Amino acid sequence: MQRCLTLTVARHSRLVLRNKFASVHRQQSAAMSGLLINQPKYSWLKELGLSEDNPGVYNGSWGGSGEVVTSYCPANNEPIARVTQATLAEYEETVQKTREAWKMWADIPAPKRGEIVRQIGDALRKKIKVLGSLVSLEMGKIYVEGVGEVQEYVDVCDYAVGLSRMIGGPILPSERPGHALIEQWNPVGLVGIITAFNFPVAVYGWNNAIALTCGNVCLWKGAPTTPLTSVAVTKIVAEVLEQNNLPGAICSMTCGGADIGTAMAKDERVDLLSFTGSTNVGKAVAMMVQERFGRKLLELGGNNAIIVFEDADLNLVVPSAVFASVGTAGQRCTTTRRLMLHESVHDTVVERITKAYKQVRIGDPWDPSTLYGPLHTKHAVEQYLAAIEQAKQQGGTLVCGGKVMDRPGNYVEPTIITGLAHDAPIVHTETFVPILYVLKFKTEEEAFAWNNEVQQGLSSSIFTKDMGRVFRWLGPKGSDCGIVNVNIPTSGAEIGGAFGGEKHTGGGRESGSDSWKQYMRRSTCTINYSKDLPLAQGIKFE
């Protein structure tokens, strides 16, 4: 009897266990089948080496045992795939491996490093369409912008290849006979790169290509909401390093949240921290880096203005203003948020821009005909609604848009608001959504002052045919921004110039011009090749 009872209990236990495992398996299968990556329409994601579950740590080998995060498509809020983030222990291991890799990388001559960067650019070219599609799917920007973002990385690689044969300091005239005075530039070492969701490829590319050419190694933490893009890009770069028998840790990656970002900011082994994101978070990062007297490169917010004077070519103004305010659904740091119109053209421009807004093609971001896609998150939709309500309370008039769209995803109507004071609190607040505040001005002095009165100083533009006004705008009493344009939008900067802004934008510069100097340390070197020891300034010490 006892034996029969034991067998019955055992059979029952096995049955329960089998049913439990079957239930778990069904749940896992349902979860997997619900991921976009498993749908035939999105099978191209696997061309980037992505799968249902992806490791979020790379330091020469792939891993990750931290929190599992799911990436969602902003166009329909459906899950794409999952990424396992880094733990702090894995971050520690990655930093050690990255610093060890620097010992080899720093010994490679700059032109040879440039050759590796050239190969990275070529590898990106081969994947430009599929990687651009991923940016569109995961971030939400339209397909042509996604491809254009990868093209930026490619272009910066090309730029960095040329730079690899030109980096250097001057030979300066010494006041002492038999002496040479030179500047020597050396890599800082490990460059930490924290990027934002809105440019999940390009901003890393600006930093990575230039930093590598300068002799640095890189540790990347992308935005937590675009982890698949971080993984895909790192796979492309890692393959190039592997093909050249170089340590993969030269370009490391740790996906994670605020814990990893804080660790990077506080870590004295991170010789330069490049941070792109909001002004509030950037301020906290800056303080942590400064606490250890570290180097930082900040690319923060922008409250950018286009100023339209009475002599402006309105055929240039209208498409420029629409592109700069609607492009990327208002989620560029260079998005035009304030449109200042001379009183003589105010009504005409508002009418024409409103008409253009209503013709903007809204749809799935990966549809080539779409010009306007969704906001990145549901939280951004809430910010959009809150900003419109505040604008109304502060005296604004809703001319166009103002509603959440009745369709799947995070879609809102591009919005125009007039009638606000130039110094209304909402006008001085950078809201990362497609809301354009239209202001009416009378004089040049007034317009220039309004441009400069906000806390940020990233991008700015005027539309005029008056050459005197152009050079006043470019001069010391003109725009106080890092990007100062004439007769073009505030967005769409070229990679050949230094990108960045002043004041609460952070003061950092990336990409072209002499931005490479941010990734290197300068030594002033005096070499005595004579047999005498003259002192500077004619000092005698005998």
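Predicted model: local features only at pLDDT ≥ 70, side-chain atom pairs only at ≥ 80, totals over all residues.

Analyst: Let's take β11, which spans residues 272-276. How many of its five residues are buried? Five of the five, so the strand is mostly covered, with buried meaning under 20% relative accessible area. In a regular strand, side chains alternate between the two faces of the sheet. Here L272, S274 and T276 sit on one side and L273 and F275 on the other, and both faces are covered.

Now for the neighbours. β11 pairs with β8 (residues 190-194) in the parallel sense, through four bridges. One place to look is L273, the bridge partner of G192. β11 is also joined to β12 (residues 295-299), again running parallel, and this time by five bridges.

The axes of α9 and α8 (residues 258-266) come within 7 Å and cross at roughly 35 degrees. On the α8 side, the residues involved are T262, A265 and K266; on the α9 side, they are V285, M288 and V289. Sorted by type, the residues of this contact come out as four nonpolar, one polar and one charged.

Elsewhere in the model there's an open sheet of three strands, ordered β6-β7-β24, with antiparallel pairing. β6 (171-172) and β24 (520-528) are the edge strands: each has a single partner strand, so one side of each is left without a neighbour in the sheet. Two bridges hold the antiparallel pairing of β6 with β7 (residues 179-187), and L172 stands opposite L181 in β7.

One last stop is a loop residue. T335 lies between α10 (314-326) and β14 (336-342). Is T335 buried or exposed? Its relative accessibility is 1%, so T335 counts as buried. Setting aside neighbours within four places in sequence, T335 is in contact with N304, A324, S325, G327, G330 and T490.

How values were computed
Residues numbered from 1 in each chain as written. Heavy atoms only, no water. Buried < 20%, exposed > 50% of the residue type's maximum accessible area, 1.4 Å probe, protein only. Contact = heavy atoms within 4.5 Å. Pairing = 2+ DSSP bridges. Axes fitted to C-alpha atoms, helices over the stretch in contact; angles between N-to-C directions. Nonpolar A, V, L, I, M, F, W, Y, C, P; charged D, E, K, R; others polar.
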